Each structure stands twice: as structure tokens, then as C-alpha cells.
Amino acid sequence: MRLRKSRKVPIRNRPSRKPARVRRATEKLGFQPEVIIFDVDGVLVDVRGSFHSTVLETVRFFTGQKVTRAQLHQWKNRSGFNDDWKLSTAWVRSLGGKQQYDEVKKKFVELYWGVNGKRGNVDYERWLLPRAALQRLAKRAELALFTGRVRTETDYTLDRLGLGGFFKQIVTAEDVAKPKPDPEGLLKILGGRDRAKAVYLGDNVDDAIAAAAAAIPFVGVLPQAAWARRERRALLTKHGALLVLRDVKEFEKRLPKE
């Protein structure tokens, strides 16, 4: 029996074996923004050990039930839960807890900041964008922050690291009448300037919705585990994300060459 020789496919006709995600890694933003606005949690700061852990510990404290990070990301994939105090309260009540917002918030704050000499989860935060990268970006554009944090939380992180001077404007949850997904904070930062020349970097659905409502280009940043990233990436793309990065350090590489 003669073996049939396989037909060789000319190299020029062979389909590319390069994964789509590798090709996407070379995509550029397409314009040089004049204003770069960052969300804080999940973008500039790794909060898995701080805010995320505090949500889980708060819910467990009031319900006695084992809750997981996978469930936490399901909540965060829904609009309206950018505020971790609100999210924790809603989660507790969904599991049968009767506690009101103020009681849940009080416990959350104790766990986050620490109490009676006990170390708080805030100490487990990790800054993600190197100072040198901030310096380079600040030379190319005005840098600003629009965060769902309150002012005390924001200032503590920036002052501890000595990074507050890089951001010309900082808008927190206390600086707006309407929180995300309302675009008030983004519009306040721009102050009537051309929205198309700004960009907002965020990690959740409310960030994307706020950017779309403000008509500001949006870039997603999703450094989470692969299962969380796949689901939320689709949501951010659905709401208009131009790019979805695995790390905020990638952003500089996506800007046009100077």
C-alpha cells in the first residue's frame, strides 16, 4: 500500500497561527490625548488585598456565609455597584441579612482602616504604575483622577507614595452630586474642553458607561484572573472600550510615537 503524500500549502496561503490576543497587543490608541484620566481601584492600585478582601470579610461577618471572589466579580460586572459600601450592603441583604447601609459601612471601614491597633486591609494595597511611567505620561498630557473612592482614601494612597503631584485634577465620590456611572466627574475634569481629545482608563462597567455618556474615549484595564477578564472584557467592549489592556503599564506603549 502506497502512502499518499500530503500536499504542501504554500507559505503565503497558510492561515496565520498567531493568536488573536497577540495581534491585539500591538493595537494603538490612534490619537495623542491631551488629558488622560485614570480610575484608581483596579487600574492604578491593586485592591485585591484591600477593598476586595474587605467586601468579602464584611459579607461573611454579617451573614456567616462563605462568599468568593468569583461571586464578587459577578456583582462588579453589574452597573450600579462601583461603591463597595453599597455593594456590600446589597450582598448582605441578598443573603438574608437585615443590616442597613450605615451598619455595613461602619464594619467595612473598620476592616479597611484597622481598629484597636489591628492592621487594616489598606496596608495590602499595591501601586501598579511606576513613577517613571507617570513622569513620561505627564510630559505628554495632563493627568487626572476620577475615582469612586472618598477623598480620605484617595489622599492616603497618594500621600503615602508621594504621587499626588502628578495629577492636576482629582475628583472623588465626594466631589460629585451623582456617582458613576453618571459622567459628572469626567465632565468636571474637562471643564468644557474637547472630549474627543481626552481618554478615561477604567476597569469596570460603570467606568465604561460614564465615559460613553460623556462622549470620552475609554480604555479598559483588566489585570484580574483570566476567568474574570474574559467576561468583563466583553462587557467593556460592548460599552465602547477602544482597547482592553492586561496592565496599566501597557497604556504608554499604545500611544502614538512622539
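## A friendly note on this predicted model

1. **Gln-169, a residue on a strand.** Gln-169 is found in strand E5; helices (H or I, at least four residues) and strands (E, at least two) are DSSP runs, numbered from the N terminus. This is a predicted model, in which local features need pLDDT of at least 70 and side-chain atom pairs count only at pLDDT 80 or more, while totals for chains, interfaces and linings use all residues. Residues are numbered from 1 along each chain as its sequence is written, and side-chain values use heavy atoms, with hydrogens and water left out. Is Gln-169 buried or exposed, or partly exposed? With a relative accessible area of 27%, Gln-169 is partly exposed. On this scale, buried means under 20% relative accessible area, exposed over 50%, and partly exposed in between (1.4 Å probe, protein chains only).

2. Not counting residues up to four places away in sequence, Gln-169 touches Glu-142, Leu-143, Ala-144, Leu-145, Lys-188, Ile-189 and Arg-193; contact means heavy atoms within 4.5 Å. Gln-169 and Glu-142 sit 27 residues apart in sequence, with 8.8 Å between their C-alpha atoms. Their side chains are joined by a polar contact of 3.4 Å. A polar contact is a pair of N or O atoms within 3.5 Å; within protein, one must be able to donate a hydrogen and the other to accept it, and residues adjacent in sequence count only if both atoms are side-chain atoms.

3. **The whole chain.** Now step back to the overall picture. The protein chain has 11 helices and 8 strands, and 47% of its 258 residues count as buried. Among contacts between residues at least 6 apart in sequence, 67% join residues at least 24 apart.

4. **Two nonpolar cores.** A nonpolar core is a set of buried Ala, Val, Leu, Ile, Met, Phe, Trp, Tyr and Cys residues joined through side-chain atoms within 4.5 Å. Which members of the largest core touch the most other members? They are Phe-38, Leu-44, Phe-167, Leu-201 and Phe-251, out of 49 residues. Helix H2 (residues 48-63) gives the most to this core, with 5 residues. Another core, of 21 residues, lies apart from it and includes Phe-146, Leu-222, Leu-236 and Val-244. As for Phe-251, its contacts beyond four places in sequence are Leu-29, Ile-36, Leu-137, Val-199, Leu-201, Val-219 and Leu-245.

5. **The buried side of H6.** Helix H6 (residues 131-140) has Ala-133, Leu-134, Leu-137 and Arg-140 buried. These residues cover an arc of only 120 degrees around the axis, which puts them on the same side of H6; the arc is that of the directions from the helix axis to the C-beta atoms. Strand E1 (35-38), E3, strand E4 (142-146) and helix H11 (251-254) are among what covers them.

6. **Aromatic pairs.** Rings of Phe, Tyr and Trp (its six-membered ring) pair if their centres lie within 6.5 Å; planes under 30 degrees apart count as stacked, over 60 as edge-to-face and the rest as tilted. The structure holds 10 such pairs. Phe-38 and Phe-167 make an edge-to-face pair, 6.3 Å centre to centre with 85 degrees between the planes. Phe-38 lies in strand E1 and Phe-167 in the loop between helix H7 (151-161) and E5, so the pair ties together parts that are 129 residues apart in sequence. Both Phe-38 and Phe-167 are buried. Elsewhere, ring pairs link Phe-51, Phe-108, Tyr-112, Trp-113 and Tyr-156 into a cluster.

7. Asp-46 is found in strand E2 (residues 45-46) and is buried, with a relative accessible area of 10%. Its side chain makes a polar contact of 2.6 Å with the side chain of Arg-48. Leaving aside neighbours within four places in sequence, Asp-46 is in contact with Tyr-124, Glu-125, Arg-126 and Leu-128.

8. **Backbone details to look at.** Which peptide bond is cis? The bond from Lys-180 to Pro-181 is, with omega near 15 degrees, and Pro-181 has its place in the loop between strand E5 (169-171) and helix H8 (184-190). Asn-116 is not a glycine, yet has a positive phi of about 55 degrees. Asn-116 lies in the loop between helix H5 (101-113) and strand E3 (126-127) and counts as exposed, at 77% relative accessibility.
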